[in-house]
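Here are my notes after going through the model you sent.

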Amino acid sequence: MLKKFIEIFNGRKTSYGISVNTGKIREDGKNEYESEIRRSPVTDILYQKHLDGIKPTLGIIAINEDNKCKFGCVDIDTYPVEHIKYIKILKDNNVPAIVFRSKSGGAHIYLFTKEWVMPSLMRIKLREIAALLGRAKAEIFPKQDYINQGDVGSFLNLPYDNKNNTERHALDEQGNKVFLEDFYKLYDEKALTEQQLIKLFKDKEEDEDWVQAPPCLVSILREKQAPGEMRNITFMNVAIYLKKRFPNEWKTKLL
């Protein structure tokens, strides 16, 4: 059970986050937490203590030392949170994301992959999910496309702290609590390969990507470019367009 949990919520191994409930309530009605990042190895014991309910709870930085990730999350904390509404929208649109209840009663919409992928790709898909749910401005984890050497990034508090009596858990299609053992089955159903992640929202993404492109370039791409020197020239012009329009995401879109 522990090995599976670590496999799913795998991330940076040299730093992690912790959060402690202060017992106070903020003006927005949420519990107040004190958080910090510790530059220490992430051990199996830390995961086990988290599942056993031994405080403080564990937060994982999704981006590993190779600047890849295996999970991402849309954090919706605009209240009241309609978990069942989000579950229905995702199901109706065949989006394999899982809705979780967060520590403050909000919603964490998780997207999982079976293999390590570029954070920029994960973040593009998470933005699509946020927009689909009507929460385009929601916070997204990972927050960065990559982590510079010497930095640690941002952590996300993991679900299933005190697994047998947790308030942070996945929800099924009816909005009911999913216990940890059943979450593993749900994960196996929903986790994507890298290619499946790339294809998620692909048609919609491509339409929106080319809205501002020169008509001649759109025409060439629609008709397909024949082999030869012009293919390289077309590719270069596509890169120039994408870099101007999407300065932070152009590499992923170009791929």
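1. A word on terms before anything else: contact here means heavy atoms within 4.5 Å. Do remember, too, that this is a predicted model.

2. With that in mind, take helix α3, residues 83–92. What does its buried side pack against? The buried residues of α3 pack against strands β4, β5 and β6, and also against α4 (119–132) and β9 (170–171). The buried residues themselves are His-83, Tyr-86, Ile-87 and Leu-90. Looking down the axis of α3, they fall within an arc of 100°, so they line one face of the helix. Just past the end of α3, have a look at Asn-94, which takes a positive phi of about 55°.

3. Next, strand β6, residues 107–117. Of its 11 residues, 8 are buried, so β6 is largely enclosed by the rest of the structure. Strand β4 (residues 69–76) runs antiparallel to β6, with 7 bridges joining the two. In that pairing, Gly-72 sits opposite Leu-111 of β6.

4. Strand β5 (residues 98–101) is also antiparallel to β6, this time through 4 bridges. Arg-101 has Ala-107 of β6 as its bridge partner. The two strands make a hairpin with 5 residues between them, and Gly-105 in the turn has a positive phi of about 90°.

5. Now Tyr-187, which belongs to helix α5 (residues 180–190). Is Tyr-187 buried or exposed? The cut-off for buried is under 20% relative accessible area, so Tyr-187, at 4%, counts as buried. Leaving aside residues up to four places away in sequence, Tyr-187 touches Lys-4, Ile-8, Ile-98, Phe-112, Thr-113 and Lys-114.

6. Last, the cavity search. How many cavities of 30 Å³ or more turn up? The count is 1, and the space in the largest cavity is about 40 Å³. Elements giving two or more residues to its lining are β5 and β6. Among the lining residues are Phe-100, Arg-101, His-108 and Tyr-110, along with Asn-157, Leu-158, Pro-159 and Arg-168. By class, the lining of the largest cavity divides into 4 nonpolar, 3 polar and 3 charged residues.

Conventions. Residues numbered from 1 in each chain as written. Predicted model: local features only at pLDDT ≥ 70, side-chain atom pairs only at ≥ 80, totals over all residues. Heavy atoms only, no water. Buried < 20%, exposed > 50% of the residue type's maximum accessible area, 1.4 Å probe, protein only. Pairing = 2+ DSSP bridges. Arc of directions from axis to C-beta. 1 Å grid on protein atoms, 1.4 Å probe; cavity = no way out; pocket = protein on both sides within 12 Å on 5 of 7 lines; lining within 4 Å. Points joined across faces, edges and corners; volume = space filled by probe spheres on them. Nonpolar A, V, L, I, M, F, W, Y, C, P; charged D, E, K, R; others polar.
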